[in-house]
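Biologist: I would like to learn how to read a fold from its strands and helices. Could you take me through one?

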Amino acid sequence: MLDPRVSRDIRVQDVTMVYHSHGDSVIALERVNMHVPTGQFASIIGPSGCGKSTLLRLIADILQPHSGQVTLGSDTPRAARHDHALGFVFQSPTLLPWRTVRQNVELPLDVAGRDSTRRSARSTDELIELVGLKGFEKALPHQLSGGMQQRVAIARALVLTPDVLLLDEPFGALDEITRQRMNIEMLRIWAESGTTALLVTHSIGEAIFMSDQVYVMSARPGRIVSVVDVPLPRPRTLDMMRSHVFFDCVNRVRDGLFGKEESTSAMSRPQAAEAY
Ligand code: ADP
């Protein structure tokens, strides 16, 4: 087991975000509210441009909201970031090309200082094995496939055992089989660590399989249109994706995404399976 540690909830209150560029204003998010309880796993799903990445970046202190507030536990995102309590996996792996796999995974330790009070509970070797890269410790990023590079990024995000783990479509570049394996591995790591996790994904099935709640967003301006609770037990197994509960969740997410009329809410199970 990883170190038991105090995790943090994620609270987004009435957040509006406006971008200004070339004299134009884009309302990327309008009065967004969200609460991910401590230690839970939530996903955000919505059409391209609905503000998913913006929301994740506000939570990560990469952007500041126009109005409203974000808190992680009792802290601002900035304070949480300074406490090394945030892990972030981006859509692309953003590895340093001159550092080996091991050195990339250990980068946050070097930045934070190895004597940092927030220590890693899992060794680098364990993390590298966990993401399926045993034997590649000395490889450089250009020697790895895109999927393998993303695994390095996931291990790197976990090395400081974050309280809050933000995942911006981290599995989008992986083939379907690897992706499902990574989903299961990620859930195991999450369950052991007590981390509060928030995933952005385009996949309805992935969102439901991973999450306690799925936040469904609409575009322009980005708003939360529905929150779907996923009553599947944990640990999750792949055969749960054949269950009535799973397909009911698929239909409810589709209702949020496409509206009840358009979404074939009375879809049969094979049709719903195709949707995934
Ligand atoms: P998503 O992740 O859901 O695809 P984004 O958060 O990337 O959406 O973008 C939300 C909206 O904000 C889009 O309309 C996008 O064009 C706009 N946007 C994102 N970043 C910027 C920026 N730096 N400047 C201006 N507009 C932006």
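This is a predicted model: local features need pLDDT of at least 70, side-chain atom pairs count only at pLDDT 80 or more; totals for chains, interfaces and linings use all residues.

Modeller: Gladly. Residues are numbered from 1 along each chain as its sequence is written.

Biologist: How many bridges does β3 share with β8, and in which sense do they pair?

Modeller: Two strands pair if DSSP finds at least two bridges between them. Here β3 and β8 (residues 213-218) are joined in the parallel sense over four bridges. The names come from DSSP runs, numbered from the N terminus: helices are H or I with at least four residues, strands are E with at least two. By that count the protein has 10 helices and nine strands.

Biologist: What is the strand order of the sheet with six strands?

Modeller: The order is β5-β6-β7-β3-β8-β9, an open sheet with mixed pairing. At its edges stand β5 (86-89) and β9 (223-229), each with a single partner strand, so one side of each has no neighbour in the sheet. From one strand to the next the twist averages 15 degrees. Axes here are lines fitted to C-alpha atoms, for helices over the stretch in contact, and angles run from 0 to 180 degrees between N-to-C directions.

Biologist: Which strands does α1 lie across?

Modeller: Helix α1 lies across β3, β6 (164-168), β7 and β8, and runs at about 150 degrees to β7. Helix α6 lies across β5 and β6, at about 175 degrees to β5. Contact means that the C-beta atoms of two residues, placed from the backbone, lie within 7 Å.

Biologist: Which element gives the largest share of the shell around the ligand?

Modeller: A residue is near a molecule if its C-beta atom, placed from the backbone, lies within 6 Å of it. The residues around the ligand include Tyr19, Val26, Gly51, Lys52 and Thr54. Helix α1 gives the largest share, three residues.

Biologist: Now a helix: which residues of α7 are buried?

Modeller: An α-helix has 3.6 residues a turn, so residues three or four places apart point the same way. A residue is buried if 20 or more other C-beta atoms lie within 10 Å of its own, exposed if 12 or fewer, and partly exposed in between. In α7 the buried ones are Met182, Asn183, Met186, Ile189, Trp190 and Ser193. They lie on the same side of α7, because they cover an arc of only 135 degrees around the axis, taken from the directions from the helix axis to the C-beta atoms.

Biologist: What covers them?

Modeller: The cover includes β3 (41-45), α5 (124-130), α6 (146-158), β7 (196-200) and α8 (204-210). After α7 comes Gly194, whose phi is positive, near 75 degrees.
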